[in-house]
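Trainee: I am new to this structure and would like to understand the words used to describe it. Could we go through them one at a time, setting each value against its definition?

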Amino acid sequence: MMHATGFVQSRMAVRNLQHAARFARLCQQIERETVNADFADSRYHEIEAYAVAGIQLSVASIEANLNEILEDTPKFGCRLSDGAFRKVWEVWEKKPTLDKYQLVLLLLEKSEMPRGESIYQNTKALIDLRNVFVHFRPINDNEANQPTDELLHKFTPNRFFTRKENLVPQGCMSHSCLVWAVNTSLGFTREFLSRSQLRSIFNSRDDSHFATSEDVE
């Protein structure tokens, strides 16, 4: 993309999500090829690599998109002075990602995303899941601090997962989990852009650019 100063500026929000979708398709391919295999032959660790990367990239897309929008629309049209805006954003820069998106809508004098709606709750769950992997610590299978019950309603776990284990990480190693992650990230971004009326590279990309499954003839 050519920036106003004349140099080419890299953008990662769309690419991050396209990479996550690619990893989802690779998970699907392995699951199809090993559908009747036992665990030893299931290529579980390949699926694990794709799933962990896809989850992290799905959230990275949301975070990069906000930074790209801020670069393109420094003050979002609000009436604050440059100095006042910088001070507001310095405070909010340290806030969670979803709070920063809500601030943009507030500055634009648009309605915020209702925190109780499914797209907001799914995105929060996705970010929380990503954070488990980024800040992972050793856990025992009988620990109760994993969001098992909530996430079990959002995707189909890895077929070797049992409720005697933690859904995070074992159960999340599945094509279904990555489909949910990519669709959640894309749905949140599209909802934000619709509410804010801001422009993004996502506006020029339809859903086919983020396909999480390969058609089977």
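Mentor: Let us start with what a helix is here: a DSSP run of H or I that is at least four residues long, numbered from the N terminus. In this predicted model, Thr97 has its place in helix α4, which covers residues 97-107.

Trainee: What makes Thr97 count as buried or exposed?

Mentor: Buried means under 20% relative accessible area, and Thr97 has 12% relative accessibility, so Thr97 counts as buried. Leaving out residues up to four places away in sequence, Thr97 touches Ile62, Glu63 and Ile127.

Trainee: And how do you know which class Val88 in helix α3 (residues 82-92) belongs to?

Mentor: The class between buried, under 20%, and exposed, over 50%, is called partly exposed; Val88 has 27% relative accessibility, and therefore counts as partly exposed. Beyond residues up to four places away in sequence, Val88 touches Leu80 and Leu103.

Trainee: Why are helix α2 (residues 44-72) and helix α7 (residues 175-196) called roughly parallel?

Mentor: Their axes come within 8 Å and cross at roughly 10°, and because angles under 35 degrees count as roughly parallel, that makes α2 roughly parallel to α7. By class, their contact has twelve nonpolar, six polar and no charged residues; among the residues that meet are Ile55 and Ile62 in α2 and Leu178 and Phe192 in α7.

Trainee: Why is the pair of Tyr101 and Phe192 called edge-to-face?

Mentor: Two rings pair if their centres lie within 6.5 Å, and planes over 60 degrees apart count as edge-to-face. The rings of Tyr101 and Phe192 have centres 4.7 Å apart and planes at 85°, so the pair is edge-to-face. This pair links distant parts of the chain, with Tyr101 in helix α4 and Phe192 in helix α7, 91 residues apart. Tyr101, at 1% relative accessibility, counts as buried, and Phe192, at 0%, counts as buried too.

Trainee: What is said of Phe192 in the largest nonpolar core?

Mentor: That core has 56 residues, and Phe192 is listed with Phe76, Leu129 and Cys172 as having the most contacts inside it. Helix α2 gives the most to this core, with eleven residues.

Trainee: How do you know what to call the pair of Phe39 and Phe160?

Mentor: With ring centres 5.3 Å apart and planes at 90°, the pair of Phe39 and Phe160 is edge-to-face. Phe39, at 43% relative accessibility, counts as partly exposed, and Phe160, at 26%, is partly exposed as well. Together with Tyr44, Phe39 and Phe160 form one aromatic cluster.

Note on methods:
Residues numbered from 1 in each chain as written. Predicted model: local features only at pLDDT ≥ 70, side-chain atom pairs only at ≥ 80, totals over all residues. Heavy atoms only, no water. Axes fitted to C-alpha atoms, helices over the stretch in contact; angles between N-to-C directions. Helix = DSSP H or I, 4+ residues; strand = E, 2+ residues; numbered from the N terminus. Parallel < 35°, antiparallel > 145°, perpendicular 65-115°, else oblique. Contact = heavy atoms within 4.5 Å. Nonpolar A, V, L, I, M, F, W, Y, C, P; charged D, E, K, R; others polar. Buried < 20%, exposed > 50% of the residue type's maximum accessible area, 1.4 Å probe, protein only. Core = buried A, V, L, I, M, F, W, Y, C linked by side-chain atoms within 4.5 Å. Phe/Tyr/Trp six-rings, centres within 6.5 Å; stacked < 30°, edge-to-face > 60°.
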